[in-house]
There are 2 protein chains.
Amino acid sequence: MSDISHHLNFGSMTPVIYFLMELDKLKNVQRQTQVSISKRRENSAEHSWHFAMAALSLAPYASQDVDIQRVVKMALLHDIVEIDAGDVLVYDLAARDAIHEVELAAAKRLFGMLPQPQSDDFMAYWLEYDAGESADARFAGMLDRLLPLLSSLYNNGESWMANGIYLEQVLQRNSIIGQENPELWQHLRQHLDNAKEKGWLK
Amino acid sequence: MSDISHHLNFGSMTPVIYFLMELDKLKNVQRQTQVSISKRRENSAEHSWHFAMAALSLAPYASQDVDIQRVVKMALLHDIVEIDAGDVLVYDLAARDAIHEVELAAAKRLFGMLPQPQSDDFMAYWLEYDAGESADARFAGMLDRLLPLLSSLYNNGESWMANGIYLEQVLQRNSIIGQENPELWQHLRQHLDNAKEKGWLK
């Protein structure tokens, strides 16, 4: 950080500018998913972009009660808490339970950097996504699960093998895809069965 | 790429899934901007997320004729052409002129992977952003210019020094910020003058 970074003045916009610079840290949070070709691990900022693009691109396959603009906003906001809380593997259920209070505190600190109405608005979106109950949150949750599965299929199952994942875990933890889009799930299941045959999944 | 990647079947969703996997490549396109702390160069996917977050966060400072949802969509789509065309330094005017036809061809190829209406819709957003004339495109353009300036100020001017950039170039190429938000520009100018005094800019 620069020696002037702590006293850069932007008048009334100062808190928002500080929030935007704080967001830079999400680019340093690593996930288990591999980026194709380069084979480095994906970070949560570029994942959030990919997730938002999935929402825009798969909009025609959402049910009519889904508002894609709201799903895009959830995608952009959903991982910001990882700046403080880090990324936890979707298959590590104990760690995911333990992290919840840490994520809530992170949401309060980070969204709390913003003035109103942004602060409460961003918090409300994050809580809605986290609860996973509304039509928008469910469609968003489906996309968030779908992308790592596609990446693993396209990258010879490397992140599955690195973490010793079982086919049964994948089917259980991603069942929301089947609830949201049975046709997509049917195709995925076939590819996942093939992945087990190839030894990518146990 | 996996040996099965070229024949993964997702029924009617297959073209969209292929498009989403193609988007992974934007995570490998490097920009001149530095990511803070890690000091690696930023890629265009994580930049696109940051840009979309800037749109959501700075929405209260947009004029009333700006539709933030459309700005967010432009932010998400604006750099996808770089999958084929690569990133060109904002201060390299000759290269930026030369790249335009390449970017247009890239937009046609990449957005052309999608079925309608997505294909034409994404192309229209990209063209609108590229033309930079509508209120939404101008607010988006302002944000796209703002973020690298903030990063350079927060990272001791490293990308400016690496590319031998002059203060006068920064003021000329980023004048859209002053047109869109005079108060923000006034603060930025002060920080840019300080940057020159420190030797970060020539």
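How many residues does the contact take from chain B and from chain A? In this predicted model, 53 residues come from chain B and 53 residues from chain A. On the side of chain B that touches chain A, the elements giving two or more residues are helix 1 (14-23), strand 2 (41-43), helix 2 (44-57), helix 3 (68-77), helix 7 (135-154) and helix 11 (182-198) of chain B. Helix 2 of chain B supplies the largest share of that side, 10 residues. Sorted by class, the side of chain B that touches chain A holds 28 nonpolar, 18 polar and 7 charged residues.

Chain A can be followed from its secondary structure, which comprises 11 helices and 2 strands. Along the sequence these run in the pattern α-β-β-α-α-α-α-α-α-α-α-α-α.

The overall dimensions of chain A come next. Its C-alpha atoms occupy a box of roughly 60 × 40 × 30 Å along the principal axes. A compact globule of 202 residues would have a radius of gyration near 17 Å, and the 18 Å of chain A agrees with this. Of the 202 residues in chain A, 44% are buried. Among contacts in chain A with a separation of 6 or more, 65% are between residues 24 or more positions apart.

Helix 2 of chain A, residues 44-57, can be taken on its own. A residue counts as buried when 20 or more other C-beta atoms lie within 10 Å of its own. In helix 2 of chain A, 14 of the 14 residues are buried, so this helix is largely enclosed by the rest of the structure.

Definitions and conventions. Residues numbered from 1 in each chain as written. Chains lettered and ligands numbered in written order. Predicted model: local features only at pLDDT ≥ 70, side-chain atom pairs only at ≥ 80, totals over all residues. Buried ≥ 20, exposed ≤ 12 C-beta atoms within 10 Å, placed from the backbone. Helix = DSSP H or I, 4+ residues; strand = E, 2+ residues; numbered from the N terminus. Rg over C-alpha atoms; globule rule 2.2 N^0.38 Å. Contact = placed C-beta atoms within 7 Å. Nonpolar A, V, L, I, M, F, W, Y, C, P; charged D, E, K, R; others polar.
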